[in-house]
Amino acid sequence: MLPAQARLRRRPEFTAVVRSGRRAGRPTLVLHYLPERPAVRSGGPLDPPAGPRAGFVVGRTVGNSVCRHRVTRQLRHLLGAQLHRLPPTADLVVRARPEAADAGSAVLGRDLDAGLDRLLGNRPGSSRARRS
């Protein structure tokens, strides 16, 4: 489970990450990553949340309500274990593709790990190492 301060909640936060961040597509999901969150002033004092934040987009194309909630719960659980890999100022949006409806936790976890590796530059056995 993600703590409340680790969640993206408002539409402008999601929009900023999707429009300005880097993207990594996988078969079951797409990750949008913004290493430095923009300073957004919403009328109150500017309090940047401590630690990385994440949000999920699971649209109707994934399936009915029961299926969408199941996928969201699986992704939230998987990302909770990976959140420590992100820098404290990072925001991440995970968008589920329709293929996520039929994928199990193992497949979603593998795609999430591969997407994070690609975005964070932690590629084991990169192409340079193979060429040498």
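**Exercise 1. Determine in which sense β3 and β4 pair, and over how many bridges.**

Solution. Step 1: In this predicted model, strands β3 and β4 pair in the parallel sense, over 5 bridges; two strands pair if DSSP finds at least two bridges between them. Helices (H or I, at least four residues) and strands (E, at least two) are DSSP runs, numbered from the N terminus.

Step 1: Within this pairing, Gly55 stands opposite Val93 in β4.

Step 2: Between β3 and β4 the chain crosses through α2, and this β-α-β crossover is left-handed. A crossover is right-handed if, with the strands pointing away from the viewer, the path from the first strand over the helix to the second runs clockwise.

Step 3: Of the 5 residues of β3, 4 are buried, so the strand is largely enclosed by the rest of the structure. Buried means under 20% relative accessible area, exposed over 50%, and partly exposed in between (1.4 Å probe, protein chains only).

The basis of these values is as follows. Residues are numbered from 1 along each chain as its sequence is written, and side-chain values use heavy atoms, with hydrogens and water left out. Because the model is predicted, local features need pLDDT of at least 70 and side-chain atom pairs count only at pLDDT 80 or more, while totals for chains, interfaces and linings use all residues.

**Exercise 2. Identify which residues of helix α1 are buried, and what they pack against.**

Solution. Step 1: Helix α1 spans residues 11–20, and its buried residues are Glu13, Phe14, Ala16 and Val17.

Step 1: Seen down the axis of α1, these buried residues fall within an arc of 160°, so they line one face of the helix. The arc is that of the directions from the helix axis to the C-beta atoms.

Step 2: On the face turned away from the buried side, α1 carries the exposed residues Arg11, Pro12 and Arg19.

Step 3: The buried residues of α1 pack against β2 (29–34), β3 (53–57) and β4 (91–96), where contact means heavy atoms within 4.5 Å.

**Exercise 3. State how many salt bridges the structure holds, and trace each one.**

Solution. Step 1: The structure holds 3 salt bridges, each a side-chain nitrogen of Lys or Arg within 4 Å of a carboxyl oxygen of Asp or Glu.

Step 1: Glu13 and Arg53 meet through their side chains at 3.2 Å, N to O. This pair links helix α1 to strand β3, 40 residues apart. Glu13 counts as buried at 18% relative accessibility.

Step 2: Arg53 also forms a salt bridge with Asp91 (2.9 Å, N to O). Both Arg53 and Asp91 are buried, and Glu13, Arg53 and Asp91 are linked in a network of salt bridges.

Step 3: Asp117 forms a salt bridge with Arg85, the closest N and O atoms being 2.3 Å apart. Asp117 lies in helix α3 and Arg85 in the loop between α2 and β4, so the pair ties together parts that are 32 residues apart in sequence.
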